[in-house]
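Here is a brief report on one protein model. It covers a sheet, a helix residue and the overall totals.

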Amino acid sequence: MSRPLYRGVSGIGGKPLAAAEEAACYYDPKEPSENGIGGRGGARKRHLAAAAVRIGVLVLAVAALVGSVAWAGTLYAGRGAAARAAAAAAHRGYRRLQEQLVTDLLDIGELAGGGVRAKEAEVCPPEYENYVPCYYNVTDAVDVSDLGGGVVISYERQCTRDGRATCLVAPPRSYRIPVRWPSGKGFIWKDNVRISGQEFSSGSLFKRMMVEEDQISFPSDAHMADGVEDYAHQIAEMIGLRNEFNFNEAGVRTVLDIECGFGTFGAHLFERDLLTMCIANYEASGSQVQITLERGIPAMIGSFAKKQLPYPYLSFDMVHCAKCNIEWDKNDGIFLVEVNRLLRPGGYFVWTSNLNTHRALRDKENQKKWTAIRDFAEGLCWEMLSQQDETIVWKKTNKRDCYTSRKSVPELCGHDPESPYYQQLNPCISGTRSQRWIPIEHRTTWPSQARQNSTELDIHGVHSEVFADDTSSWDSMVRNYWSLLSPLIFSDHPKRPGDEDPQPPFNMLRNVLDMNAHFGGLNAALLKAGKSVWVMNVVPTNAPNYLPLIFDRGFIGVQHDWCEAFPSYPRTYDMVHADGLLSLEKSHKHRCSTLDIFLEVDRILRPEGWVIIRDTAPLIEAARSVVTQLRWDARILDLDIASDEKLLVCQKPFIRK
């Protein structure tokens, strides 16, 4: 059932929901010891406060319970049998209400971060402007511009629950609101990203840009010899297609671009109805992921070094690597095995490298590397379709029996988890036993695949009626979201200096993150409504795993534990959406506090970005008390009279130093 939105409770303290770009918000960053960074004093105080709150709640509840027992006993002693029975029933109902009250109060106390803290969160020191937990230790900061050319620092993902910043990551002093899509695809503000100038002409084939006085531009041809359009056309021809407009007809929709440069290839494919996920290692400066997201193109931090990527097997129709600096011949070909895990049957691996030229292969060491890679590919049942210049295209087999007829390694996996969460790279072939083993040429093509028929849904254990109800509900919710947000956005931002006349509301949002994506219904509804957005569909590790279904619908997403930091840079999403996430975390005993989760949301949300949280009324009320600590403007809205759910709509202010 669709649920109309109704205007409900007004914002906090009468503040307007949207903050103007030039709002006078000036805060002085405190020392690390004052805002809890790198110390345990703040955490200890919060634990003490939490204990005090819980003890107080329990004392009040016990007192009330004792009073109710005495009251019921009085009734029992002074009345007849019928009256005493009625009094006992009333007492039992009253006791249940008290027990629920105690539970709810304790939940709210835990939800609010372990205790009541009236003080607003402090702003982080300047060195936290590009802070990425799990990858980067601020105390070990390195000025990359001081390093010699060719120096590469490797960062592995290492997440710990302790030691994360408990402050607000503020933007650089000269930060400007990103250019709106689609103009933002072509240029970004230079001061919004951290660059040093050392990496512009190195690495990926598409790692090119033009740096001007206050902006960075990305010409469509990206300074390539023939241009990205000719390159995409070449790949299509090597596959056997007329041109890149026929990729969808061949079953290609989702592409994984390894070390994507700055997203030029993905930006071009987006215009051809292909959805490209860019992954690259953490980089302290000139980050491919940060700049790609700034342009409004999907990207996240990901590495082939030691761990499997947090995607299901059999998820991408094409994996692309253009001068991506991965040594495919190392470690017994285990990186190629990971590519094989991610590729659907019949999918393509496109590799462009200087190693593939005739001149390079005159060197004996290069010949040895090429021979090893070719042999590994054959062992994975890949067929080399074509080689032109520096580019080679392999096609993964769509026949399972190919693996049983081989005499070479790697072997088939015995234990074969569908969506590993940063597990060690597995040297065996996975996915061959899955019902999702369907060749890409036999799959429903885009955009029809987003709807999924009953046979396709049965693979994921989803009933078509449930899926239809979910789809209808999200179609209605997205219409209501946009009717709600449009006047709020445009009443405060009719036009920014230098902007063209405002377009329909989709122009204000481009990068959307859904924290609890379920079937990917929000993503589907946004596309159906004609919104020019892309959605990072996140499936929490403690939720039912529908990430394979999301990929099978032609969307992209990732598994993630929200008690850890999301693998992205600060200020990379325009809107964050969470449906039922608070209830999910509550059911798992609050493994971390809501304040911790919201601090992470604040880190990856752009200034003036939006947060929409949908959950039960008590949890929404508790969440509003948390967001006040983050200085978000917030408003609670009723969904409908009969619903026990509410909507919390927030906007992050533009904090200027």
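Two strands pair if DSSP finds at least two bridges between them. Strands (E, at least two residues) and helices (H or I, at least four) are DSSP runs, numbered from the N terminus. The model is predicted: local features need pLDDT of at least 70, side-chain atom pairs count only at pLDDT 80 or more, and totals for chains, interfaces and linings use all residues. Residues are numbered from 1 along each chain as its sequence is written, and side-chain values use heavy atoms, with hydrogens and water left out.

**Sheet.** Strands E1 and E3 (residues 215–217) pair antiparallel over 3 bridges. Ile188 faces Ile216 of E3. The open sheet has 3 strands in the order E1-E3-E2, paired antiparallel. Its edge strands each pair on one side only, as tabulated.

| Edge strand | Residues |
|---|---|
| E1 | 187–189 |
| E2 | 210–211 |

**Glu585.** Helix H14 (residues 581–587) holds Glu585. Glu585 counts as buried because its relative accessibility is 4%; buried means under 20% relative accessible area, with a 1.4 Å probe and protein chains only. Its side chain makes a polar contact of 3.3 Å with the side chain of Arg591. Such a contact is a pair of N or O atoms within 3.5 Å; within protein, one must be able to donate a hydrogen and the other to accept it.

**Totals.** The protein has 16 helices and 17 strands. Of its 657 residues, 57% are buried. Contacts are heavy atoms within 4.5 Å. Among those with a separation of 6 or more, 75% come from residues 24 or more positions apart.

Methods: Buried < 20%, exposed > 50% of the residue type's maximum accessible area, 1.4 Å probe, protein only.
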